[in-house]
Amino acid sequence: MTDMIEKIKLTEKAYLAEKRLVFGEFRKNRLAISGLLLIAVLCFLAMFAPEIAPHDPLAQKLDSRLLSPSSEYPFGTDELGRCIFSRVVYGTRVSLGIGLLVVAATSIAGTVLGLLSGYMGGFLDEAIMRGVDIVMAFPNIILALVIAGLLGPGFSSVVLALALTQWPVYARLVRGQVLSLRKRAFVEAARALRPSSFYIMRKHILPNCMGPVIVLGTLEIAHVIIFAAALSFLGLGIQPPDPEWGSMLKAGIPYLRTAPQLTFFPGLMIIFTVFSFNFAGDGLRDSFGQPANQEVLAR
Amino acid sequence: MNRSFKFILIICMLFAVIGASACIGEEKDRTAKGAGSVESSQELVVGISTDVSSWYLNMFAAGDARFVWSQVYETLVRLDPDLNVIPGLAESWETPDDGRTWIFHLRENVTFHDGSPFDADSVVFSYSNQSYVRQAVLKPVQSVETLDAHTVKFVLEKPMPLPFYLTHVAWPVMCPGCLDAEGNFVKPVGTGPFMFETQKKDQEIVLTRNEAYWGEKPLLDKVTFKVIPEAATRVIALETGEVDMVIKVPEYDVERLEAEEGIQVHRKLTTFTDFLQFNCDNSPFNDTRVRQSIAYAIDTETLVNEVLEGIGKPAGGRPYSPVMMYSDPDLETYTQDLDKAGALLEEAGWKDSDGDGIKEKGGTPLHVTLIVSKGVWAARHNPMAQVVQGTLREVGMDVEIQVLDEGAISKLENTGDFGMILRSGYFVWGPYPKHFFVHHSGSPYSHYHNETYDQLVNAADMTVDTQEQEELYHSLQSFVIEEVPAFYLVHEEKVVATGSSVKGYTISSEDPWLNLSGVYHGK
Amino acid sequence: MWKYIAKRLAMVSIVIAGVTFIAFSAMYFAPGDPAEVIALARYGEDLSASQIGTLREAEGLDAPVHIQYLIWVGHLLRLDLGKSLVTSEDVLAEILQKLPATAKLAIASLLVSFLIALPAGILSALRKNSLLDRGCMFVSLVGVSIPNFWLGLLLIWLFALTLHMFPSFGYGSLKHFVLPALTLGTSLAAVTARLTRASLLEVLGQEYIVAARARGLDEHTILFRHALKNALLPVITFAGMQFGYLLGGAVIVETIFSWPGIGKLLVDSIFARDFSMIQGCVLFIAVLFSLSSLAVDILYAVLDPRIRYDRHD
C-alpha cells in the first residue's frame, strides 16, 4: 500500500519535473523577476500612498488650477487645483484593489467550477460549460459595461460587474487542465486507490492546476485594471472626486490642449501597472514552461 | 483543394461577411462629401452638441434642436439681440381687455418653403390643442381663431402677457404642409431664411437658402449643422477648420481661443442661470435651514472666477439674470460664510458626533446626491459640481455626484428620486421671468410647496400692469433668497466662436436664436 | 465533421437562448414596473395608464415572469426588438442603421492590425531571440498594456490638435477613419503579432519543415511555400476572437471619436436609461459575436479536417 502511494508520488514528481513547475526556473527568468519587482513598486505606492503623496488627493485649491509640473506638484495640478501626482499615487490603491479583489473572486470561483466541470463531467460539465459560453458570448467589456451601467456607478458595481464577467476564463482553463491530468497515470492510480473525488481533486488535481491559474490570474489583473479604467473612463465606474486613473483621464479630455498632463500621467500609470502584470505573467508562463496557449495569450 | 487557396478563401470570406454588413446603409452616406472645403461656396458649417430629434409641434425641440429650428421656423413675436420684443411673423398685436384676449396682425406676402402662403390658418394649425405648447406651457389658452386671412385672435382663461410666451422658437409657426394627407409628419416646412434639405441621424443636418425669404435675404447658400456632442471635440473641430462656428464653447477654452489668430470669440450674458434644485419634499432639504446653509456655504464668486474662468456673473442666489425684466438690482444676495452654514446645519439638528467630518442626525449621516447631466452642459457642470461637493464637505455634508443623461434626470425629477440637481437655465427664454413657475406647486417637476410662493406667482402672471408686475417679481426674488427653494449659482454667459472667414455675426442674448441672417464667408 | 457542425449549432442555440435570458433580465433593472417598461418599449411613449392596463392584460404582462419571457422571445423571433424608451424609434432599425459604421471601423482596424502584426510577428519568429525579436515582443507587450482610450486621446492630441493632419471626430470621408482605426488596430496588432510569432515558431519546429531544410530548400521557399500558410491559419481563425475584441473596443473608440456606431449607441443608451435599446444592443452584439465564432469554427472545420475539435468535450 505505502509502496503504491510512493509510486504515485514518484510519477507525479516526474510529471511536475516535465512541466518544470519549479520556482528555480522562475528565479532564472529575468523577465518574470523584473515584472514582479515592478509589481512590488506598485504595492509599495499603494501601501504608503499617504506618506508618498505630497498633498491630499481630494483637496481642491482653486487658485492653483491646471499648473504645469513643478517641484511642489510633480505632475502638475488638475482642473480643480488638485495635485495630480497625489491622485495618481492614491489611484494605485483603487486600481490594485479592484484588480486583486476581482481576480481573487473570479479565480477561486472559476477554478472550483472548472474542477467540478472537468472532473465530474456529465450534466454538470455541460451546464457549467454552457454557462461559460453564454457569458463569453458577450465580447470583451460589453457585459461588464451593461451590468455596471444598470447597477449605477461606484466601486462595488465595478467589482461586481467585472467579477460576474471574468470567471469563465478560469473555468475553461482549469477544466482543460483537469481533462489532461485525468489521463495521467498518477491520477488514474490515485483514483483506483482512493475513490473520493474530493480527495483526488484536492490532493492531486488542484495543485497541478495552480501554475496555469497563477499565470492567468496575473495576466487577468492587468486585464481587469484596464477594464475598470475603461468603465470609469466611460463614466460608469469610479466617480469623482475619488482618484481613479480612468476617470482622471476622462476629466482631462477638455484640457487636452491646454493641460495635457491631466491625461498624460494617469494614462502612463495605467500602462505601467498593466505592463508590470503582463510582464510578470509572461515570465511566469515561460518559467512554468507552458505552451503559448491561445486563450491565455489572447487575454 | 490547394492549401494556399484555402487560406486566401478564408480571408476573403471573412472580409466579405464584414463588408456585406458594411454596405447595408452605404447609400445614405453619399451626401456628406465636400463639407466646408470650398470657401467661395458660402456654406457655413456649425458645430452643435445634439441632433434634432423632433421637427414637429407635438414635441418639444430639445437640446440644440432650437438652434436649427430657428433657421427653418419663425415665431409671431421675436426678440432682438438685446431681448427687446420686436415683430416677427406678426406685424403688430394688441389686447383689448388687459391680457385676456390677444389679436395678432400677420405679415402679408410671406410664403412657406413649399410655396403655400402664410396666413391665419397656419397659425391656428400651429397652436392647436395638439401642440406641445398648448399642452405644456400655454394651458390657459382657450381658443385660437381666425378673424380674417391675416388676423388671429387668442382667447385666454386668465390675463397673461402672451407675446412674451410666443417668442420661444420651440413653438413657431409651421405649415400644415408638414403633414401628408393622413396627418403623418413628412418634413419640416416653415417660413425661415433656410430650408430643410437633409438630415443624417446624429451626424449632420443640411439647410439651404430660402430664396423667397420675406425679410433680409440670407447671404449663405447653405448651412450644415454638425453634431459634435463633446464640447472639447467641438472646439478642436473649429481649430482644425472642420467647422466654421461652434456654439456652447466651454469657458476654459475661451482665453486660448481669444488669443488664437483668426478665431473670434463672441460672448454675451444670457437669461440662463445655473442653479441647484433641491428636493424639498424629503430630508434633509425639507428643512429651510439646510437649504440656507448650502446658500451660505457655496461661494459663487469662486465658481465664476476660478471654475468658469471669469465667464458669467456670480448669482449668489439671485434667480433672475440681470438681463431679464424685473431682475432686482438691489437684491441682497448671499456671500460665503462657512461658519454660518455650519451653524445652520447644527440648528437643524445635524451634528458631527463621531468626528468623521460628516454630520449626522439620529444616526443617519448627512449624505445627499447631486445629479449632473451628462449632456450639453457637462463641460461646465462637472467641475462646478465637484467644487460644490468639496465645499459642502467642509460644512459636514457628504455629496455623491451622479452623472446621468438628460432624459434619465427628467424621470428621476418626476418621481422625486433625487436630492439635488445641478441645472442650467430652466424655462428662461426671453426677458420675461416665466421661470418662477419652476418652484410653483402646480409644476409637475416642482418639489417645493409653499402657499405664499404660489400666490405670488399666480398674481404676478395674471397682471399686465408693468408697475404691479415689477413689485410682485421683486418680492418673488426676495422670497427665493429667503427661502431658497433652489440656490442660484451663476448667470451664464453664452460663448460662440467663429473661424477666420466668418463675417457679420452678432451674438444675441436670447440663447436659441442663432441669427445667421447677416453671416457670410469673407477674406 | 457534420456531427461536429451539428453539435456546434446546437451549442450556439443554447448560448443564444442564454443570452436572450440575460438580455431579458435587463428590463427588470429598470426603475418602476417592468411590465410598464416593456409595454412602453413595445408601443412607444404616448400611452395612458388605462391603455397600459389594457395592454398588460392583452399581452400577458401580468403573467408570471417565465411566461412573459416566452412572449418576449416570441417577439424576438419575429425580429421585433421593441421601441426605444426615449425616442420611440424601432430598436432593430436603429441598430441596423448604426451597424455599417461599426463594421467599417472593424474592417479598417483589422487591416491596420494585420499590416503591423504580420511583418512584426514573422520577423520575430524568423530571428528568434535576436535583438529584433526581443524588441518586437517588448513593444507588443507595451502595446497590449496601453488602454485604447488613452491611445485615442494621444492620437487626437498629436494628429488632430498639434499636427492638424486628421479630424478628431466624425464619420464620412476616408480621413475620418485614420485615427479611430489606428487606435483600435494598434492594440489588436500587439496581440496578433505575438500569436503570429508563436504560431510560426511552432510550425518551423515541425518535422516537415525540418525535412524541407534537410532537402536543401532555401529558407525563402520554406517560409513562403510551406511554413507561412500553415502558421497563419490559426492567426486568421483567431479572427473570431479578434472580432469580439473589436466589438468591445468599438464601444470606447466610438465614444472618443463620436463615431456613429453600435458601441456609442450602447453607451448613450446606458446613460439615457433606455432599457429597450440597451437590451437590443447587447442582444445584437452577443448574437453577432456567437454567429461569427460559429462561422469561423465551421469554416475551419471544413477547410482543415485534420484538426480534432475537442475543445468542449
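H6(C) passes H8(C) in a left-handed crossing, the term for a near helix turned anticlockwise from the far one by less than a right angle. Helices here are DSSP runs (H or I, at least four residues), numbered from the N terminus. The model is predicted, so local features need pLDDT of at least 70 and side-chain atom pairs pLDDT 80 or more, while totals for chains, interfaces and linings use all residues. Residues are numbered from 1 along each chain as its sequence is written, with chains lettered from A and ligands numbered from 1 in the order in which they are written.

Let's stay with that helix pair. H6(C) and H8(C) pack at about 135°, their axes 8 Å apart; axes are lines fitted to C-alpha atoms over the stretch in contact, and angles run from 0 to 180 degrees between N-to-C directions.

Now to the neighbouring chain: 43 residues of chain C are in contact with 39 residues of chain A. H11(C) gives the most to the chain C side, with nine residues.

Here is how the residues divide, with Ala, Val, Leu, Ile, Met, Phe, Trp, Tyr, Cys and Pro as nonpolar, Asp, Glu, Lys and Arg as charged, and the others, Gly among them, as polar.

| H6(C) with H8(C) | seven residues | four residues | one residue |

Key
Helix = DSSP H or I, 4+ residues; strand = E, 2+ residues; numbered from the N terminus. Contact = placed C-beta atoms within 7 Å.
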